[in-house]
Amino acid sequence: MTFDAVRPAGDDELAGLAEVEKASEAPFIEAGIALPPEYMSQDELRKCAIVLVAPGPSGAPVGFAAVDAVDGAAHLSQLSVDAAYGRQGHGRGLLAAVIGWARRGGFPAVTLTTFRDVPWNGPFYRRYGFVELDEADLTPGLREARDHEIAMGLDELSPRCAMRRPLRAG
């Protein structure tokens, strides 16, 4: 997969992204983390600043990244790759495209929330320059996202955190 294959989602592709998100859960289940069945709806995806997709061999999306603006930063709300296409560069390509989009849009940073210690979550993002934020450094929007995750019980499955990657111009 080449990173330049990542592209904005077509409106006709949004409905199928919940299936991609569901198919991305297999590694979590294998790790003993049963995620609550809460998938981004087509309406939620339409409200995002941008939704990027990684196409598979047939051209249909096998991964996606949903991005919003939260407290002046680009915020990666969801990055999912169908587990059958995992470890092939799709997540890396999506993340690079999100960072490029945010940089071109003049955002000072990209933020996200994720599982702190799950290898394909917190450690993955750390490799690409994301730094875990202390609770005191959470912006109001990130605090709201974390409060929602706590209310859903996600921290009981595995500790979560908010992360930030500063962007440089150019």
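**Exercise 1.** With which residue does R146 form a salt bridge, and how far apart are the closest N and O atoms?

*Solution.* The model is predicted, so local features need pLDDT of at least 70, side-chain atom pairs count only at pLDDT 80 or more, and totals for chains, interfaces and linings use all residues. Residues are numbered from 1 along each chain as its sequence is written, and side-chain values use heavy atoms, with hydrogens and water left out.

Step 1. A salt bridge is a side-chain nitrogen of Lys or Arg within 4 Å of a carboxyl oxygen of Asp or Glu.

Step 2. The partner of R146 is E149, and their closest N and O atoms are 2.8 Å apart.

Step 3. Both residues belong to helix α6 (residues 140-152), where they stand 3 residues apart, about one turn of the helix. Helices (H or I, at least four residues) and strands (E, at least two) are DSSP runs, numbered from the N terminus.

**Exercise 2.** State whether R146 and E149 are buried or exposed.

*Solution.* Buried means under 20% relative accessible area, exposed over 50%, and partly exposed in between (1.4 Å probe, protein chains only). R146 has 3% relative accessibility and therefore counts as buried. E149, with a relative accessible area of 7%, is buried.
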